[in-house]
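Please look over the sequence and the model shown here before reading the notes that follow. They are grouped by topic.

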Amino acid sequence: MYQNRYAFSSRILCGECGTNFRRQKIYIGKTYEKIQWCCYQHIKDSKKCSQKAIREDIIQAAFLRLWNRLASNYEEILIPIL
Ligand SMILES: [Zn+2]
């Protein structure tokens, strides 16, 4: 259930250790409250994985850039794959 709660749930894997990223709220209740995603291994024990948390707005921007690039170049990128 937790797996599919958010758009990025179970879809981001840590580049360092391969563990799923977890969603975290930081600065809760403050006006600058933010959502970030962090390697679960790093959350449990930062000595086991040094990957730092990434802000959700940065992930969304990167995803959108990639999506738009795919949408406007699908003939060059996707059709050869098929
Ligand atoms: Zn990790």
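A residue is called buried when its relative accessible area is under 20%, exposed when it is over 50%, and partly exposed in between, with a 1.4 Å probe and protein chains only. This is a predicted model, in which local features need pLDDT of at least 70 and side-chain atom pairs count only at pLDDT 80 or more, while totals for chains, interfaces and linings use all residues. Residues are numbered from 1 along each chain as its sequence is written, and side-chain values use heavy atoms, with hydrogens and water left out.

**Zinc site**

- The zinc ion has Cys14 (SG), Cys17 (SG), Cys39 (SG) and Cys49 (SG) as its protein donors, at 2.2 to 2.3 Å; donors are N, O and S atoms within 2.8 Å of the metal (3.2 Å for Na, K and Ca), and because water is not among the atoms, sites may look incomplete.
- The arrangement is tetrahedral because the four donor atoms subtend angles of 98 to 116 degrees around the zinc ion, and four donors count as tetrahedral if all angles lie between 85 and 135 degrees.
- Along the chain, the donors of the zinc ion are spaced as C-x2-C-x21-C-x9-C.
- Cys17 belongs to the segment before strand S1 (21-26) and Cys49 to the loop between helix H1 (40-44) and strand S3 (54-55), so this pair ties together parts that are 32 residues apart in sequence; helices (H or I, at least four residues) and strands (E, at least two) are DSSP runs, numbered from the N terminus.
- Cys49 is buried, because its relative accessible area is 0%, whereas Cys17, at 31% relative accessibility, is partly exposed.

**Segment before S1**

- Leu13, which is found in the segment before S1, has 55% relative accessibility and therefore counts as exposed.
- Beyond its neighbours within four places in sequence, Leu13 is in contact (heavy atoms within 4.5 Å) with Gly18, Thr19, Asn20 and Phe21.
- Leu13 and Tyr27 are 14 residues apart along the chain, and their C-alpha atoms are separated by 24 Å.

**Strand S2**

- Gln36 lies in strand S2, which covers residues 34-39, and counts as buried because its relative accessibility is 14%.
- With neighbours within four places in sequence left aside, the contacts of Gln36 include Arg22, Arg23, Gln24 and Ile26, and also Ala53, Ile54, Arg55 and Glu56.

**Segment after H3**

- Leu82 lies in the segment after helix H3 (74-81) and, at a relative accessible area of 89%, is therefore exposed.

Notes: Tetrahedral: all angles 85-135°; square planar, octahedral: opposite > 155°, others 65-115°.
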